[in-house]
Amino acid sequence: MKFLHDLLEKQKPKFEKGGKLEKFYYLFEAQETFLFSPASTAKNKGVQVRDAVDLKRMMMTVVIALIPCLIWGIFNVGYQHHVAVGQATSFFSVDNLLFGLRWVLPIVIVSYAAGGIVEVIFAVVRKHPINEGFLVTGMLIPLIVPPTIPLWQVALATVFGVLVGKEIFGGTGMNVLNVAMTARAFLYFAYPSQISGDVWTQLSGETAVNGYSGATALAVAYDSSNVGTVVTEGLAKANSVLAAPFGGDFFSFQNMLIGGIPGSIGETSTLMALLGAIILIATGVGSWKIIVSVFAGAFAMGTLFNVVDANEFMRIPAEYHLVMGGLAFGAVFMATDPVSASQTETGKWIYGVLIGALTVIIRVVNPAYPEGIMLAVLLMNVFAPLIDFYVVQANKKRRLARATV
């Protein structure tokens, strides 16, 4: 590493002020600080609070927390393919791993490349350092799309998400909306046929076996409710000819919790999302209040709909909402975005509960759109500043009341 460091130091004068490549200084600085700790120190003489956690380390912590979901998603893509073509093997087989890598890695590479180009362009034009914020966004976007998504759509959605979700607001730390969810919303409304319906299993031109559908659990629940079938029975009958990799029926609570079902690459396993939550909470990067409140809000709203009991979709057991779709992944990695989420401690509870409740409301009241976490997160991103404003105002009133006693 010393050789590489010395090589960079020799090239550095060319990129500094007055050098031939001065306008590309921040591009050079980005790769230097990515590989090595910055050599610069604070110039003022005031007291400095030192902290080992900077933006780079925070972003890398989130990426590490995402790795369980990524690895699981790779195996699951391969598993769902082999189940669909009647060649099912054990979940953690080499065949599943290799097939999953073949389809998932290109999506990850395209996401990082497209977003990275936008980041570099804005850094050069605005003359500011390239921030590490896209390390997380570049991983999140591939994990919230199906493996069948065309690569050009991944690139287009990533560029849209970075531009509209972040750069127009000023860049990293200034975004009002979650960038990854903005990218997914763009795909959903611009190219719905490629991100909804039975698109969750990559068949590679092969024909699926009889009795198999690549639909998600929420889509199966919607179809069941349309024909007046009890949703839990519809889930039990779906793919009934196939053995669930982790016991029970294919769409049993247990199998959905562990994650052996069709879905977006990183969202299928609630268990892996919770493992990521443990990492984020233990390192202080993610807010446990937001995560817990999202689950609490979803469970409470699911229970309320069970009481109302107006149609089959309302009869979905409240606990099923916690393991179906992308609720767990959204609660852990999207709702906790430190920039677009509520900042006050009380506000985090309100913000999270509303996301969970809205997710279930969107699922049940408008079952034609069977997933609600995306719209719930984006809507509450917009309202997060308002929530914090009223929380602060309430705190002020309480303090003034105490002061006048």
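What does the accessible surface of the chain come to, and what share of it belongs to carbon and sulfur atoms? The total is about 18900 Å², with 66% belonging to carbon and sulfur atoms. These areas come from the Shrake-Rupley method with a 1.4 Å probe, and for residues only the protein chains shown count as cover.

## Basis

This is a predicted model: local features need pLDDT of at least 70, side-chain atom pairs count only at pLDDT 80 or more, and totals for chains, interfaces and linings use all residues. Residues are numbered from 1 along each chain as its sequence is written, and side-chain values use heavy atoms, with hydrogens and water left out.

## Overall fold

The chain has 16 helices and 0 strands. Both are DSSP runs numbered from the N terminus: helices are H or I with at least four residues, strands E with at least two. Of the 405 residues, 51% count as buried. Buried means under 20% relative accessible area, exposed over 50%, and partly exposed in between (1.4 Å probe, protein chains only).

Among contacts with a separation of 6 or more, 69% join residues 24 or more positions apart. A contact means heavy atoms within 4.5 Å.

## Nonpolar core

The largest nonpolar core has 98 residues. Such a core is a set of buried Ala, Val, Leu, Ile, Met, Phe, Trp, Tyr and Cys residues joined through side-chain atoms within 4.5 Å. Those with the most contacts inside this core are Leu66, Phe251, Met324, Phe329, Phe333, Tyr351 and Ile355. Helix α3 (residues 55–84) gives the most to this core, with 13 residues.

Take Phe329. Neighbours within four places in sequence aside, Phe329 is in contact with Leu66, Cys69, Leu140, Leu143, Ile144, Gly266, Glu267, Ala273 and Met334.

## Cavities

The structure holds 3 cavities of 30 Å³ or more. A cavity is a set of points, on a 1 Å grid over the protein atoms alone, where a 1.4 Å probe fits but cannot get out; lining residues have an atom within 4 Å of a point. Points are joined across faces, edges and corners, and a volume is the space filled by probe spheres set on them.

The largest cavity holds about 80 Å³ of space. Its lining includes Phe329, Ile144 and Glu267, along with Arg184 and Glu371. Elements giving two or more residues to this lining are α7 (179–190), α14 (327–334) and α16 (373–404). By class, the lining has 5 nonpolar, 3 polar and 3 charged residues. Here Ala, Val, Leu, Ile, Met, Phe, Trp, Tyr, Cys and Pro count as nonpolar, Asp, Glu, Lys and Arg as charged, and the others, Gly among them, as polar.

## Helix α4

Gly100 lies in helix α4 (residues 94–126). Gly100 counts as buried because its relative accessibility is 0%. Its C-alpha atom is separated by 4.6 Å from that of Gly78, 22 residues apart along the chain. Beyond four places in sequence, Gly100 is in contact with Ile74, Val77, Gly78 and Leu105.

Ala114 is also placed in helix α4. At 10% relative accessibility, Ala114 counts as buried. The C-alpha atoms of Ala114 and Leu156 are separated by 7.9 Å. Not counting residues up to four places away, Ala114 touches Ala155, Thr158 and Val159.

## Two loop residues

Glu167 sits in the loop between α6 (151–165) and α7. Its relative accessibility is 2%, so Glu167 counts as buried. Leaving aside neighbours within four places in sequence, its contacts are Val118, Glu119, Phe122, Arg126 and Val162.

Asp309 lies in the loop between α12 (288–308) and α13 (318–323). Its phi is near 55°, a positive value in a residue other than glycine. Asp309 counts as partly exposed, at 34% relative accessibility.

How values were computed. 1 Å grid on protein atoms, 1.4 Å probe; cavity = no way out; pocket = protein on both sides within 12 Å on 5 of 7 lines; lining within 4 Å.
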